[in-house]
Amino acid sequence: MEHTGQRIRYWRRRRGGISQKMLADRSGVSQGYISLIESGQRALDRRATQVAIAQALNVTVSQLLGQPGDPTDPAKAAATAVVPDIRSACLEMSVGERRKPDRPRDAVREAVRRSSILRNAADYAGLAPGMADLLRDAFYYKGPEFVEATFNARFLVKGVGYPDRAATVAGIGMDVALDLDSPQWIGLAEISRLNAMPPENAGLTSRLATRTASEIQPMLGDIDVRQAYGNLLCRGALASAVSGDASGASGFLSEAFSEAGSLGDSEDGGFGLLWFGPTSTAIWQVSVAAELGDSDEAVSVARGIDPRPVQAPNRVVYYWTDYGHALTATGDDAGAVRAFSEAEMVDPQRVRMDPMVLDSVSALIRRARRRAVEGRIQSLAHSLGLDHLTV
């Protein structure tokens, strides 16, 4: 499978054959780093660096990372097959077309609830069938169930590699949430919209998180609002990290931990199955530290977390993958392999469609092979009395 470094090399050549040195200068990294990425020995696992390199090559991050996953994977194929129908549903909804459902509203609500459980489990293949019709049916009623349905549909289409479709779905959900004038549903819709934002727009993501959190803050007497509020803060922290604002990220996290401490960990996932609480916030802290390039801090925080209170594969997988990326960056390849293996057990579909994980694992394999070859050379040199010539 093609790794990101090969696509970087491809785009360098497409952009007039610019050199690694020129690309490094334009993106603010070293030529050695570009060389390691292109050879597959390092993974491009920080969003900020992805943005810098993509902008230097005049492409999007999505183009740089490529379509996630193996197209022949049955789970990926099943999930991707529904995207055209979801697109059609979004076009209908964008012009206000509403179809009266064949099923009653209670049945629509129950179908949305089941889709949320599948989203919580990160079961893309299970979530996909019927999603377009569920959006159409829920849109007819334009209630909270529609906002929740768009949250799940956005998760699906972004996860299988259609970020623009995800943004469209999330935007329609926000329109309905604003009409409901309900702070918790506005909060959920904003979380969905922020999750659909590409990393190139991290600054905007951070500003929107701040704005919406401020707007719903006066209603924090409601526990659902508090859970949405806390999740918004966490999402804002990561966006700040991507945009290089360490102070902003710290401020978001500090407020999130304060809110989480008073709420405690949820036993049932809470509002929207967001699982906001101290454990979830600590998982976000790992992601923020890794994104800021503080791999030692990310590893230290991760080692102090027991992720089990968060019974959501779609959230816990990020604990293991970000932990794995941080371990890779610190040179603990064996630990990284264990972390990525845990991630694959928790959420196999997500891991197999995550280009950053695939690149990291590929880099670990190449590094292991190189060490094995170097070890054999050193052993041979020693037997020949040529230790002074070993690499």
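Let's start with a convention: angles under 35 degrees count as roughly parallel, over 145 as roughly antiparallel, 65 to 115 as roughly perpendicular, and the rest as oblique. Helices here are DSSP runs of H or I with at least four residues, numbered from the N terminus.

A word on the source, everyone. This is a predicted model, where local features need pLDDT of at least 70 and side-chain atom pairs count only at pLDDT 80 or more, while totals for chains, interfaces and linings use all residues. Residues are numbered from 1 along each chain as its sequence is written, and side-chain values use heavy atoms, leaving out hydrogens and water.

Now to the pair H16 and H17, the latter covering residues 278-291. They pack at an angle of about 165 degrees, with axes 9 Å apart (axes are lines fitted to C-alpha atoms over the stretch in contact, and angles run from 0 to 180 degrees between N-to-C directions). H16 and H17 are therefore roughly antiparallel to each other. Contact means heavy atoms within 4.5 Å, and among the H16 residues that meet H17 are Leu253 and Phe257; on the H17 side, Trp284 and Val288 are included.

Which residues of H14 are buried? They include Ala202, Leu208 and Ile216, where buried means under 20% relative accessible area, exposed over 50% and partly exposed in between, with a 1.4 Å probe and protein chains only.

Finally, friends, Asp137 sits in helix H10, residues 131-141. Asp137 is buried, at 12% relative accessible area. Beyond its neighbours within four places in sequence, Asp137 touches Pro101, Arg103 and Val108.

How values were computed. Helices (H or I, at least four residues) and strands (E, at least two) are DSSP runs, numbered from the N terminus.
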